[in-house]
Amino acid sequence: MEKMKRISVNGSALNCDDILHEILLRIPPSTVYKLIIVSKIWLRVISSPSFRQGYTRRWGQSFRLVGFFVCNFLYLGRPRDGYRRPRWEPALPFLSTCGEGDDLKHSGILKRCGYFVDSSNGIILSGLHPKTYYVYNTVSKQKYQLPEPQQFYKVLCMALIVEECLDGEACYKVIRARCECKLKERNTVSIETYSSKTGKWKQSTLMCSTSFALRPRTAGMVVGGVVHWFAIWGKLAIYDPRLGDRYIALIRLPMGALTREHEESVLGESSDGVLQYGQSNNIGVEIWMLEKEPEPNNSSIYCNCIRLKYKWVLRWRLNFKVLWKQMPSLSTHSKETQLLSFLPRNSTSVFIRSGWNILLCDLETKTVEIVNYQGRGGSISWESSKIVPYFLPSWPNASCAS
């Protein structure tokens, strides 16, 4: 580090933003984050949107775990005669895993955001179905209430798309999709999209070649700007907003050894930008990847409006008994074991639950470690709740220069 400081002082070339930009692009992530303390010039270059975009394309984005949000489906979008949340129970429970998570939990902001819906790149989407929604940026500490939607959906699912604008600010879209309460033969779905660029909601109707219905009270997985929603009858609905507001494609979920008896299904993004699908029961877990299909004859492919073909490929299969041999104390909760979620842009690790213990599982080495969190895990209704990890991008902000 001292050597880098001397080079910065004595080498006038390194005071040129363009030259410094090209040099820093070649430095690995373990080092580049530390270089923001060399000078304000270096901080400005490393924190700039253009450098961040180029660097993440070359090295990939890294994230740090802040905690876990708890979303209880008994309260989210409940009917008037449904379950009521006790006053002592927070609307947006948060299990902190670090000091930064403690600060978020004790800041009071979560008490004013309603129920958790989804998060992406540090942006939190929350609210009260079907009219009130908030977006909170943890980095800038800014909270924004979205305008009231124009369409009324009694039952719905949602999606959050976060992109980076040219000025470095986060741009986002919030999508509400109607879910049919009655199983009717329909090949259309009504959606409403809010854009932070326009500040308005826009209604659209998506069409599909076959009948389908989206699974209610779920959040879509966004990979490369494409939204993936669970649909009923063992299918996955795929919507690419960049291709227009007209089409939605379907693909059948993979048929694995756990398919008939699986109890939990999750979606994620791999390290190379591919959709991941995981399913588990109390016996084990299977992880599948949605990859491009070179051969035209395959029953597990779908064809969207730009004629791209894909297929499911089994990547991992793990029996939980292998893990309990490492931690015999957890085997008493084997019947309560389930897959919780993937890690962002990670192909080798997942979060699983055993009792109220949250475990980080390495699928390559077949090892686990307990994730310590601050919160009352014993008071969580795990059967009716979804536990969602909350990550922040590991990237310095120019405001650190003050």
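## Buried face of helix α2

A residue counts as buried when its relative accessible area is under 20%. In this predicted model, helix α2, which spans residues 17–24, has Leu20, His21 and Leu24 as its buried residues. They cover an arc of only 105° around the axis, which places them on the same side of α2.

The whole structure contains 11 aromatic pairs. In one of them, the ring centres of Phe69 and Phe94 are 4.8 Å apart and the planes meet at 55°, so the pair is tilted. Phe69 belongs to strand β1 (residues 63–72) and Phe94 to strand β2 (residues 94–96), so the contact ties together parts 25 residues apart in sequence. Phe69 is buried at 0% relative accessibility, and Phe94 is buried with a relative accessible area of 3%.

Phe69 also pairs with Phe116 in a stacked arrangement, with 4.6 Å from centre to centre and 15° between the planes. Because Phe116 lies in strand β3 (residues 115–120) and Phe69 in β1, this pair ties together parts that are 47 residues apart in sequence. Both Phe69 and Phe116 are buried. Together with Phe94 and Tyr390, Phe69 and Phe116 form one aromatic cluster.

## Charges over rings

Lys143 lies over the face of Tyr134, 4.4 Å from the ring centre. Arg176 lies over the face of Trp201, at 5.9 Å from the ring centre.

## The sheet β11–β14

An open sheet is formed by four strands in the order β11-β12-β13-β14, with antiparallel pairing. Its edge strands, β11 (221–223) and β14 (249–252), each pair on one side only. From one strand to the next, the twist averages 30°.

Strand β13 (residues 235–239) runs antiparallel to β14 and is joined to it by four bridges. Ile238 has Ala249 as its bridge partner in β14.

How values were computed: Residues are numbered from 1 along each chain as its sequence is written. This is a predicted model: local features need pLDDT of at least 70, side-chain atom pairs count only at pLDDT 80 or more; totals for chains, interfaces and linings use all residues. Side-chain values use heavy atoms; hydrogens and water are left out. Two strands pair if DSSP finds at least two bridges between them. Helices (H or I, at least four residues) and strands (E, at least two) are DSSP runs, numbered from the N terminus. Axes are lines fitted to C-alpha atoms, for helices over the stretch in contact, and angles run from 0 to 180 degrees between N-to-C directions. Buried means under 20% relative accessible area, exposed over 50%, partly exposed in between (1.4 Å probe, protein chains only). The arc is that of the directions from the helix axis to the C-beta atoms. Rings of Phe, Tyr and Trp (its six-membered ring) pair if their centres lie within 6.5 Å; planes under 30 degrees apart count as stacked, over 60 as edge-to-face and the rest as tilted. A charge sits over a ring if NZ of Lys or CZ of Arg is within 6 Å of the ring centre and within 35 degrees of the ring normal.
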